[in-house]
Amino acid sequence: MSLMDGDAFNLKRDYIYIPAVLLVTGTFIVKREWTIYAAVVSIALGAYNLWNFQIKKVLKPDAFQEFELQEKTIISHNVAIYRFKLPSSNSVLGLPIGQHISIGAPLPQPDGTTKEIVRSYTPISGDHQPGYFDLLIKSYPQGNISKHMASLTVGQTIRVRGPKGAFVYTPNMVRHFGMIAGGTGITPMLQIIRAIVRGRAAGDRTEVDLIFANVTPQDILLQEDLDALTKEDAGIRVHYVLDKPPENWTGGVGYVTAEMITNWLPKPADDVKILLCGPPPMVSGLKKATESIGYKKARPVSKLEDQVFAF
């Protein structure tokens, strides 16, 4: 269930249990011989209401669907969080942890034609939050979908399909994740980290060390969320790296190096997995760096079983 247990019980109590009891009891008092019919009616109405309260997954892997922009939260001059409305308060995307969605739009091209452009994004929300989904998107001057998203106003729609991707997180799939993210590459990492923290009560013991690389402190996306998670959970650690650090900066400096990976991430082992997400040149360099210090060579296209997996 994606609704909180208490909320789900209250809904069942108000719309199923109480009406059924009132209908059957009232009929028994007023016209006892109709009680059996009242019971049948109450069961039918209860089943109908119960169906309406079930969580419904809306994503379709082979068909685009339109979702309306409900809210837009500006983070910086080129970054925003976009909240899109799902069909009902009981709807979820149905997106497994670690997978992503495709956004498509017909966009004008320099030659005057229109072309369907499709790009992949990982929501920063999850199926434990019914009724909407959130996307963190950085808009680039030469971007296609990212620039299109920045132009959206509340009430306009985007076209989405999914789920997509070779990675699906399951609790305790490894003992320790080493993660390296650059810029908006933080989104799948945050999705997985949040799932791990939510799963602690059910026995998820996975540890995480994340290296998060950016240019300046102002470029560190969702730092408050990350810092809150590290304070809440001792099994989650974040190591920040900046290309242009301020004075008195105590984190990493420059590009992510093999030495940083050796110092901060788990050593190569069968129960360890390295996850990469960021600009293609960064990911390419990190594949070589991880191989140089003993991790298994990353494939051009990652598979779930790979020790080094690139989103």
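**Pockets and cores**

1. The lining of the largest pocket comprises 14 nonpolar, 15 polar and three charged residues. The model is a predicted one, and the pocket has a volume of about 820 Å³.

2. In total, 32 residues line the largest pocket, and S120, Y121, T184, C277 and G278 lie nearest its centre. Two or more lining residues come from each of β6 (114–121), β7 (132–138), α3 (145–150), α4 and α7 (280–292).

3. The largest pocket lies between domain 2 (65–164) and domain 3 (176–310), because both domains give residues to its lining.

4. The second largest pocket holds about 430 Å³ of space. Its lining has 18 residues, with G182, A213, Y255, P279 and M282 closest to the centre. Both β10 and α7 give two or more residues to this lining; the largest share, four residues, is from α7. By class, the lining of the second largest pocket has nine nonpolar, six polar and three charged residues.

5. The largest nonpolar core contains 34 residues, and F177, M179, I186, I192, L210 and F212 have the most contacts inside it. Elements giving two or more residues to this core include β3 (79–85), β9 (176–182), α4 (186–198) and β10 (207–214). The greatest contribution, eight residues, is that of α4. Domain 2 (65–164) and domain 3 (176–310) each supply at least three residues to this core.

6. Leaving aside residues up to four places away in sequence, M179 touches M189, I192, I193, V208, D209, L210, I211, L265 and L275. A further core of 24 residues lies apart from the largest one, and includes F84, L86, I103 and I158.

Note on methods
Residues are numbered from 1 along each chain as its sequence is written. This is a predicted model: local features need pLDDT of at least 70, side-chain atom pairs count only at pLDDT 80 or more; totals for chains, interfaces and linings use all residues. Side-chain values use heavy atoms; hydrogens and water are left out. A nonpolar core is a set of buried Ala, Val, Leu, Ile, Met, Phe, Trp, Tyr and Cys residues joined through side-chain atoms within 4.5 Å. Buried means under 20% relative accessible area, exposed over 50%, partly exposed in between (1.4 Å probe, protein chains only). Domain bounds come from an automatic or database domain assignment. Contact means heavy atoms within 4.5 Å. On a 1 Å grid over the protein atoms alone, a cavity is a set of points where a 1.4 Å probe fits but cannot get out, and a pocket is an open set with protein on both sides within 12 Å along at least five of seven lines; lining residues have an atom within 4 Å of a point. Grid points are joined across faces, edges and corners, and a volume is the space filled by probe spheres set on the points. Ala, Val, Leu, Ile, Met, Phe, Trp, Tyr, Cys and Pro count as nonpolar, Asp, Glu, Lys and Arg as charged, and the others, Gly among them, as polar.
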